[in-house]
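Please keep the sequence and the structure in view while reading.

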Amino acid sequence: MKERLFNIFVVGKTFIVNKLKHILRDGKVFSYMLSHDTKAREIFGHSYMGDDGELRHKVEMSIVDASIVILDELFKATSTLLNGMLGALSQNRNVFIDGVGEVKLPLISAFATSNEFPKDEVLDPFDDRLHFRYVVERIKDDKSFKRMILKEYDTTNEFSVSFSYEEIIALEKEYSKVKFVDEVLEFFVKLKNAIVRNELNISDRKLDDASSIFKASAYLNGRDSVNYSDIFVMMHLGWRDLTEKKKLTQIIFDTFFQKKEDLEKNLIGYKERLHQILSYAQAHVNPFLNDKIKFDLDDNNERARYNNYVNFYISVLEALEAFRIELEEAQNLYYFAMEVEDLIEDNIFLINYKNSS
């Protein structure tokens with residue numbers, strides 16, 4: 001198994017996010033805890049009149065001047081303030097500032113933490129630009145809880161790898177070259193149709209962004225093409241609350257794997273059908289083939305009875321062949337599931353995602 005990117009054992013959303021900013025060797029980081037009283041000037045900087053009478057805008061220590069932005073308690077801010085960040089989180093990274101005009105931000109990534117989900121529909125456009133979602137759960141086992149109390153976890157801000165601003169920009173150009181092979185793209189289309197069919201509200205824009213994220217996953221895993229495992233990153237994209245998260249995960253697994261109850265039902269059906277075919281063969285076909293049933297072929301009725309046995313024998317052979325083909329298809333599905341699970345195991349961004357559906 002490949003070494004995972006991170007090995008952090010402590011619950012603490014802000015703790016984890018603040019560690020990430022140290023991966024960037026240069027560039028500026030803007031970190032801020034939001035509240036309902038947070039004003040736009042605290043995020044975007046403020047305008048002032050210079051000594052020469054010219055209107056200027058102070059951008060230092062603001063989102064306008066940052067390569068990485070960290071917003072703590074994101075959804076405690078007002079909808080107006082959050083929607084004001086839409087331009088900053090768009091692909092163009094442009095914001096309009098009074099007295100200055102349109103400004104392009106050097107922003108690479110924005111991270112946020114929250115103890116709540118957005119409830120205001122006005123936030124839908126803003127929410128649509130937040131790609132990754134990860135739920136940090138409470139510590140469940142006593143061993144990990146003791147480690148937290150004893151501070152037996154990495155409290156440093158040191159990483160074995162780091163990147164410059166220019167290197168990260170260059171990476172985007174590199175992973176854009178990653179290919180989407182036909183069979184994987186076909187499954188992504190299949191997944192998209194399942195999402196629409198199940199009325200999960202994921203926009204085409206987010207699905208398009210997801211395809212770029214799949215390419216980045218493939219590139220950072222050392223591949224030149226997207227494979228099935230990269231699509232499982234979708235489990236961290238697109239959902240808005242825990243109900244949608246569970247629903248999306250189920251849709252993804254159902255797209256790639258057969259449901260457990262369906263598999264069990266099919267296995268029982270295969271066993272019953274095979275028993276039925278073999279029983280018919282033993283009762284009727286074997287005696288016929290072993291000449292234990294005698295026919296007087298000079299008699300029209302006997303000849304008709306003989307032809308019926310021949311036709312029945314042929315129908316049993318056809319049933320066996322159809323059954324063989326069906327079993328072969330089931331076997332192919334099984335091997336495909338094993339292949340996908342192996343790919344998931346090798347993907348550095350997926351941990352413990354064995355098929356459990």
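## A loop residue and its partners

V135 is in contact (heavy atoms within 4.5 Å) with W239, L242 and K245, leaving aside its neighbours within four places in sequence. V135 sits in the loop between α5 (124–127) and α6 (142–149). Its relative accessibility is 30%, so V135 counts as partly exposed. Here buried means under 20% relative accessible area, exposed over 50%, and partly exposed in between, with a 1.4 Å probe and protein chains only. V135 and K13 are 122 residues apart in sequence, yet their C-alpha atoms are 9.0 Å apart in space.

## Model and overall make-up

The model is predicted: local features need pLDDT of at least 70, side-chain atom pairs count only at pLDDT 80 or more, and totals for chains, interfaces and linings use all residues. Residues are numbered from 1 along each chain as its sequence is written, and side-chain values use heavy atoms, with hydrogens and water left out.

The chain holds 13 helices and nine strands. These are DSSP runs numbered from the N terminus: helices are H or I of at least four residues, strands are E of at least two. Of the 357 residues, 34% count as buried. Among contacts between residues at least 6 apart in sequence, 72% join residues at least 24 apart.

## Helix α8 against α11

Two packed helices are described by the angle between their axes and the distance between the axes. The axes of α8 (residues 182–197) and α11 (residues 242–256) come within 10 Å and cross at roughly 135°. Axes are lines fitted to C-alpha atoms, for helices over the stretch in contact, and angles run from 0 to 180 degrees between N-to-C directions. The two helices are therefore oblique to each other. On this scale, angles under 35 degrees are roughly parallel, over 145 roughly antiparallel, 65 to 115 roughly perpendicular, and the rest oblique.

The crossing of α8 and α11 is right-handed. A crossing is right-handed if the near helix is turned clockwise from the far one by less than a right angle, and left-handed if anticlockwise. From α8, the contact uses F187, K190, L191, A194 and I195; from α11, it uses L248, I251, I252, T255 and F256. By class, that is eight nonpolar, one polar and one charged residues. Ala, Val, Leu, Ile, Met, Phe, Trp, Tyr, Cys and Pro count as nonpolar, Asp, Glu, Lys and Arg as charged, and the others, Gly among them, as polar.

## Helix α9 and its two packing partners

α8 also packs on α9 (204–220). Their axes come within 12 Å and cross at roughly 145°. This crossing is right-handed. F188, K192 and I195 of α8 meet L207, S211 and F214 of α9. The set divides into four nonpolar, one polar and one charged.

Helix α7 (residues 165–175) packs with α9 at about 100°, with the axes 9 Å apart. That makes α7 roughly perpendicular to α9. L171, E174 and Y175 in α7 meet S212, K215, A216 and Y219 in α9. This contact has four nonpolar, one polar and two charged residues.

## Nonpolar cores

A nonpolar core is a set of buried Ala, Val, Leu, Ile, Met, Phe, Trp, Tyr and Cys residues joined through side-chain atoms within 4.5 Å. The largest has 35 residues, and I195, F232, M234 and F256 have the most contacts inside it. Helices α8, α9, α10 (228–231), α11 and α13 (300–346) each supply at least two of its residues. α8 gives the most, with six. Another core, of 25 residues, lies apart from this one and includes I43, F44, L74 and L130.

M234 touches L191, I195, I202, L207, A210, F214, L248 and I252, not counting residues up to four places away. The C-alpha atoms of M234 and I213, 21 residues apart along the chain, are separated by 8.9 Å. I213 is in helix α9. At 15% relative accessibility, I213 counts as buried. Beyond its neighbours within four places in sequence, I213 is in contact with H131, F132, V233 and L237.

## Two positive phi values

Most residues other than glycine have a negative phi. E73 has a positive phi, near 55°. E73 lies in the loop between β4 (68–72) and α3 (79–83). At 15% relative accessibility, E73 counts as buried.

E199 also has a positive phi, of about 55°. Its loop runs between α8 and α9. At 71% relative accessibility, E199 counts as exposed.
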